[in-house]
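Please keep the sequence and the model in view while reading.

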Amino acid sequence: MPSGCCGPAPAQGEAGGACHSETGRPDYLLWVSGVIVLACYVLYWLLDGHPDLPRWLVVMTSGVYELINRMWWGLLAAVLFVGLLDRVPRDLVMSALGRGGTVGGIARATLAGLMLDLCSHGILMVGTKLYQRGASLGQLMAFLIASPWNSLSLTIILVALIGFGWTLAFILLSMAIGVVTGLVFDRLVSRGVLPANPHTDGQNGNGASLGAQLLAALKTIKVTPGGLLNLLKDGVRDSKMVFRWLFFGIVLATAIRAFVPMDTYQTLFGPTLMGLLLTMVAATIIEVCSEGSTPIAADIVTRAAAPGNGFAFLMAGVATDYTEVMVIRDLTRSWKIALFLPLVSLPQVLVVGWILNQLG
């Protein structure tokens with residue numbers, strides 16, 4: 001670890017270099033979506049639903065304002081985590097995650113995702129950095145699947161909305177799906193069906209215990225204002241590919257809110273197989289961060305009496321989310337890996353959701 005909070009920028013092939021090569025062309029998706037989000041946020045802040053504005057514009061601007069206000073802290077925390085991970089010795093990261101391709105390594109990655117109190121897009125930023133630091137493909141998938149809504153703050157909200165029993169069931173089932181999906185992905189890699197993580201060298205740390213490595217790393221930390229600034233700059237730089245799809249998702253989600261009545265959405269998704277399938281389709285189209293998906297999922301559980309649909313709506317943040325798929329494609333340079341995510345996880349979500357509807 002560098003002696004200050006900020007070390008030199010990562011080299012090509014190290015954490016982030018290979019995935020963020022400069023092409024010399026503007027990132028139009030990032031800038032156009034970002035400008036729209038900024039304009040809607042400022043417009044709502046200035047006019048606050050002015051009656052002379054068209055209704056669809058009021059809905060879009062208020063939606064952008066609400067989503068940004070809910071997720072900003074999670075995104076900022078994720079940027080800081082990404083910057084910190086860039087400075088953590090690779091051996092320490094791999095020792096904490098355990099060995100890829102093993103049940104223990106997958107379980108550790110699942111628990112790591114469960115414990116981080118970040119929104120789904122913040123978790124996605126951290127997950128990409130873990131992959132760049134050498135986590136196996138299965139560990140990446142387990143980390144992402146276990147994470148989207150399983151933060152402490154959202155768990156408390158969910159308990160208040162649907163009760164402790166359903167919340168505990170949702171958490172345990174999402175962890176189980178994360179572990180199973182991670183093991184399947186690592187098995188597909190070992191069989192040559194999917195490419196392995198090029199950042200993995202097959203080693204698991206330098207042989208020292210996790211505690212000893214952590215203590216040695218802590219002794220090297222020196223906090224300076226310049227180091228903190230550089231840490232933040234590096235975190236923002238390495239998070240650009242997530243912000244690109246996040247801003248686009250916010251624009252699309254608020255547009256759907258503006259033109260699709262919420263009452264219609266809620267009445268279609270009862271505890272039937274068709275309702276479950278429609279829930280998955282809607283969750284795929286309506287891009288919401290974990291903060292936004294939790295109350296909607298709770299409403300499906302309580303008002304539509306469809307706990308399986310509520311669980312599926314939460315899990316669709318990873319299983320079918322186009323932001324997730326596109327970021328994984330950008331990260332791994334493989335459409336095959338990105339499309340295998342819904343192929344492996346979606347059937348599990350549908351089966352679990354159907355069972356929960358029968359029990360509910």
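In helix α10, the residues G227, L231, D234, G235 and D238 are buried, where buried means under 20% relative accessible area, exposed over 50% and partly exposed in between, with a 1.4 Å probe and protein chains only. These residues lie on the same side of α10 because they cover an arc of only 100 degrees around the axis, the arc being that of the directions from the helix axis to the C-beta atoms. P225, L229 and K233, on the other side of α10, are exposed.

This is a predicted model, in which local features need pLDDT of at least 70 and side-chain atom pairs count only at pLDDT 80 or more, while totals for chains, interfaces and linings use all residues. Residues are numbered from 1 along each chain as its sequence is written, and side-chain values use heavy atoms, with hydrogens and water left out.

The protein chain contains 17 helices and zero strands; helices (H or I, at least four residues) and strands (E, at least two) are DSSP runs, numbered from the N terminus. Of its 360 residues, 53% are buried.

The largest nonpolar core has 53 residues, of which L137, F170, F185 and L194 touch the most other members. Such a core is a set of buried Ala, Val, Leu, Ile, Met, Phe, Trp, Tyr and Cys residues joined through side-chain atoms within 4.5 Å. Helix α17 (residues 335-359) supplies the largest share of this core, eight residues. Apart from it lies another core of 16 residues, including M71, L246, I250 and V251.
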